[in-house]
Every structure is written in structure tokens, then in C-alpha cells.
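Below is a short briefing on a ligand and a cavity. Look at the structure before reading the points.

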Amino acid sequence: MSALLRNKILQPLQGDTLAKNKTAAKFSQAVTNYALYANVQKRAANELFKKINPQHAHTCIDLGAGPGVNLVKLNKHFDYVLPFDLSIAMLKQSNVGKTAICGDMDALPFQSSSVDALFSNFAVQWSANLDYLLNEVMRILKPGGRVYLSCVCDGSLNEIKTAFSAVDNQTHVNEFHSFEQINQFVENTGFIIKNAELKCYQDVYPSPLHALRSIKAIGATHLHSQNKRQGLLTKSALKKVCEQYPLIANQVAVSYQVALLSLQKE
Ligand SMILES: C[S@@+](CC[C@H](N)C(=O)[O-])C[C@H]1O[C@@H](n2cnc3c(N)ncnc32)[C@H](O)[C@@H]1O
């Protein structure tokens with residue numbers, strides 16, 4: 001693995017360190033129930049697996065690997081899969097593979113032209129600078145290297161936004177890049193776009209409360225920005241949020257708009 005790493009000492013977290021620590025803490029708290037609730041994430045990952053070039057490649061980084069839910073399948077495609085995540089608790093949960101790196105995707109510690117592929121499912125929306133991250137992914141890939149990426153886009157979690165608008169005007173869910181913006185970043189980076197699609201995934205829950213809990217259970221309750229509302233709601237505010245929760249075809253759904261990308265470095 002040392003052949004992959006840029007420095008012996010990992011680089012410090014870039015950007016808003018406090019926000020990164022909070023994100024890591026949220027995901028660490030979510031570790032026990034993550035796999036149970038991460039249905040949409042599983043569906044997106046399956047879509048990405050279909051895009052993997054059957055030609056065998058040696059090294060693949062699983063960026064934002066979480067509790068290692070994709071490692072068994074990735075190990076079938078690549079000789080060496082390296083999980084990388086901000087949350088040490090998430091990485092400890094994964095029992096596939098002996099080595100993992102706890103680090104920040106906004107400060108990738110890898111050598112230039114050192115990896116054959118990068119897989120990342122439902123994680124890069126947490127980057128503080130997606131444009132920069134994609135340039136860094138380009139840097140660390142070998143020529144001909146592949147990227148299999150899913151990223152949550154704007155229009156996601158709209159039901160949660162609407163429900164919370166019952167209690168205040170503050171932002172309760174993260175803002176995401178649009179599919180067009182993500183494509184623009186990819187084009188600017190110079191990747192060959194093998195495939196790019198936008199899919200809507202929905203999970204259905206027995207009640208608004210279950211829907212709100214599901215968001216918490218996957219660690220997605222932390223907001224990137226510090227001046228947005230976080231924390232507990234009073235009982236009456238929670239009741240209002242649940243009453244205001246919009247139904248889709250009479251069902252309580254949580255929707256995600258997800259960009260699914262297959263890219264190649266020239
Ligand atoms: C929604 S989970 C996705 C887990 C897994 N890839 C899957 O398919 O289910 C997002 C993961 O991204 C990680 N993450 C968030 N911000 C990160 C960062 N700045 N650097 C590295 N990983 C990060 C979280 O700790 C979490 O494990």
C-alpha cells in the first residue's frame with residue numbers, strides 16, 4: 001500500500017475541519033443501523049456495479065466506503081480494494097480486507113497515476129469542493145483508469161424540506177449540486193464520459209416519523225454549513241413536521257435524485 005500513498009504522514013483535513021469532524025461523528029453514530037436503512041444506497045451501488053468494465057484491473061479505491069457494504073462485490077472485480085472513509089467507526093465495521101485509510105476525500109493522500117479505478121457510492125456529495133476532488137481523482141488515476149461514481153443531486157429529500165417548512169424557514173437538509181453542474185465539473189476535468197445518467201430513487205416508510213428516522217440512521221442529518229439549523233425539535237414542532245409531510249400516491253416517501261457516472265482518464 002505504501003506505493004500508493006503520497007506521504008508517510010496523512011495530510012491534515014482541509015477546509016472546515018469542525019464541519020468535517022461533525023460529519024465523521026454523525027456517520028460514526030450511524031454505523032450500527034446503516035446497512036439496515038441504506039436501501040437506496042444499495043440500489044445505486046448495484047447500478048454502478050453494472051457499469052464496471054469487465055476487464056480486470058489491479059487497484060481500486062472505495063471512496064467513502066462506509067461500513068464496507070460494497071467491498072465483497074468490488075473484490076470480485078479488482079485484485080486490491082482499498083476502503084477510504086472519514087469515519088473510523090465506519091471503517092472498523094467493515095470486516096472485508098485488512099487495510100483501510102481513514103482520511104478526508106478533500107485531501108487525497110495518494111500518489112499521482114497510482115490507481116486503476118475509483119468507486120464511490122453516495123459519498124462525494126459530502127466533498128467541500130467537488131470540482132477540486134474530481135481533479136484530484138484525475139491526478140491519482142493511471143492513464144486509462146476508470147471512475148464509477150454516484151452522487152446525490154439537488155431535488156433530493158424534497159419531502160423532508162417541505163415537512164420542515166411547517167416549523168421555520170431554515171434549511172434542514174443539505175443543498176446538493178445539480179446534475180448539470182456535476183457534468184460540467186466532470187467535463188472541465190477532462191474525463192471521457194462513458195455514461196452519465198440521473199435516476200430518482202425512493203424509499204417508502206410506514207410513517208413520517210419512520211422517514212425522518214431513516215435519514216438519521218444513515219448519518220445524513222448533518223448539514224455542511226454551520227449556520228443552518230441542527231438539533232432536536234420540540235415535541236409539538238415534530239408533530240407539525242409529521243403532519244406537514246407530503247404524501248406521494250398516498251405513501252410516505254423519501255426521494256433521492258442520483259447522478260450515476262462512469263468515467264475514464266485518457
Ligand atoms: C452515505 S455513506 C455511503 C457508504 C457506502 N459507500 C455505501 O455505498 O453505502 C457516505 C460515507 O461517506 C463518508 N464521508 C463523508 N464525508 C467524507 C469525507 N470528507 N471524506 C471521506 N469520506 C467521507 C461517510 O463517513 C460515510 O461513510
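An oxygen atom of the ligand lies 2.8 Å from an N or O atom in the side chain of Asn-121; a polar contact is a pair of N or O atoms within 3.5 Å. Of the area that the ligand exposes when taken alone, 610 Å², the protein buries 99% (Shrake-Rupley method, 1.4 Å probe). This is a predicted model: local features need pLDDT of at least 70, side-chain atom pairs count only at pLDDT 80 or more, and totals for chains, interfaces and linings use all residues. Residues are numbered from 1 along each chain as its sequence is written, and side-chain values use heavy atoms, with hydrogens and water left out.

**Ligand**
- A polar backbone atom of Gly-64 is 2.7 Å from a nitrogen atom of the ligand.
- For Leu-86, a polar backbone atom is 3.1 Å from a nitrogen atom of the ligand.
- There are 21 residues around the ligand (a heavy atom within 4 Å), and Tyr-34, Gly-64, Asp-85, Met-105 and Asn-121 come nearest.
- Helix H1 (residues 17–29) gives the largest share of this shell, three residues; helices are DSSP runs of H or I with at least four residues, and strands are runs of E with at least two, numbered from the N terminus.

**Cavity**
- The structure holds one cavity of 30 Å³ or more (on a 1 Å grid over the protein atoms alone, a set of points where a 1.4 Å probe fits but cannot get out).
- The largest cavity has a volume of about 40 Å³, the space filled by probe spheres set on the points.
- Its lining (residues with an atom within 4 Å of a point) includes Tyr-37, Asp-203 and Tyr-256.
- Helix H3 gives the most to this lining, three residues.

Definitions and conventions. Polar contact = N/O pair within 3.5 Å; in protein donor to acceptor, adjacent residues only side chain to side chain. 1 Å grid on protein atoms, 1.4 Å probe; cavity = no way out; pocket = protein on both sides within 12 Å on 5 of 7 lines; lining within 4 Å.
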